[in-house]
Amino acid sequence: MITKFAIVRHGQTDWNLERRIQGSTDIPLNSTGRAQAAETGLRLSRRHWDAVVTSPLLRAHESARIIAGELDLPAPLVVPELTERHHGQIEGLTFAQRQARFPDGSSVPGLETRQAVLDRVLPALEDIALTYAGREMVVVCHGGVIGTLLRYATDGTRPAAGELIPNGSIHEFRWESGRLQLEDVVSAR
């Protein structure tokens with residue numbers, strides 16, 4: 001049985017505007033982010049969805065609550081494994097600061113590997129797929145998680161160099177035969 005997922009990146013935060021690395025630091029949405037979440041909910045409302053699940057971090061959870069409201073669905077189910085990739089000592093730094101302190105190729109203390117992200121997120125998605133078998137689910141999480149899932153589902157071809165995962169973007173996947181497969185990417189407006 002196929003379970004469909006619309007995996008959504010949360011709305012904008014002030015740290016997104018400042019180009020700061022958020023990681024697992026719990027940063028709330030700003031007013032633009034709340035508007036983006038509402039717009040994403042409206043775009044999703046063109047189809048039927050059965051439930052919303054979310055990362056526990058404020059920016060994702062608030063986005064998920066707004067989206068659930070637009071879809072007239074109950075409060076989102078929190079799934080801790082969907083939290084953003086832990087970025088260790090680069091959390092809170094701008095991209096320029098990160099490059100200055102930890103140039104490309106440098107080891108970053110506390111940085112979670114993409115494989116570790118995959119090892120916690122895939123089983124969580126499988127559990128959701130089995131619990132909601134044959135249904136259509138909205139999953140609200142983070143750019144690092146989505147990027148890792150895209151790499152997994154496309155054998156590393158996406159995201160391509162320079163390809164961004166915008167706030168409010170929708171990535172359509174399906175869980176079929178024990179595997180996550182990419183169907184489509186719908187960019188935010």
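Strands β1 (residues 3-9) and β4 (residues 136-141) run parallel as partners, joined over six bridges. Strands here, like helices, are DSSP runs numbered from the N terminus (E, at least two residues, for a strand; H or I, at least four, for a helix), and two strands pair if DSSP finds at least two bridges between them. Across this pairing, R9 sits opposite C141 in β4. This is a predicted model, so to speak of a local feature takes a pLDDT of at least 70, and side-chain atom pairs count only at pLDDT 80 or more, while totals for chains, interfaces and linings use all residues. Residues are numbered from 1 along each chain as its sequence is written, and side-chain values use heavy atoms, with hydrogens and water left out.

Axes are lines fitted to C-alpha atoms, for helices over the stretch in contact, and angles between N-to-C directions go from 0 to 180 degrees.

Next comes the inside. A nonpolar core is a set of buried Ala, Val, Leu, Ile, Met, Phe, Trp, Tyr and Cys residues joined through side-chain atoms within 4.5 Å. Buried means under 20% relative accessible area, exposed means over 50%, and partly exposed is in between (1.4 Å probe, protein chains only). The largest such core has 26 residues, and F5, I7, L82, L125, L149, F173 and L180 touch the most other members. Two or more residues each come from β1, β2, α5 (114-131), β4, α6 (143-153) and β5 (170-176). The most come from α5, which gives eight. As for L180, leaving aside neighbours within four places in sequence, its contacts (heavy atoms within 4.5 Å) are F5, L122, L125, L149, Y152, A153, F173, R174 and W175. There is also a second, separate core of 14 residues, with W49, I67, V140 and I170 among them.

Helix α5 deserves a look of its own. Its 18 residues should span 26 Å at 1.5 Å a residue, and the end C-alpha atoms are 25 Å apart, which agrees; the expected span is 1.5 Å times one less than the number of residues. Buried in α5 are V117, L118, R120, V121, L122, A124, L125, I128 and A129, and their cover includes β1, β2, β4, α6, β5 and β6.

How do two packed helices get described? By the angle between their axes and the distance between the axes. For α5 and α6, the angle is about 85° and the axes are 10 Å apart. That makes α5 roughly perpendicular to α6, a label for angles of 65 to 115 degrees (under 35 is roughly parallel, over 145 roughly antiparallel, the rest oblique). At this meeting place, R114, V117, L118, V121, L122 and L125 of α5 face G144, V145, T148, L149, R151 and Y152 of α6.

Most residues other than glycine have a negative phi, and most peptide bonds are trans. Yet R158 and P159 are joined by a cis peptide bond, with omega about -5°, and P159 lies in the loop between α6 and β5. D155, in the loop between α6 and β5, has a positive phi of about 55° without being a glycine. D155 counts as exposed because its relative accessibility is 68%. D72, in the loop between α3 and β3, has a positive phi near 55°, and at 72% relative accessibility D72 counts as exposed.
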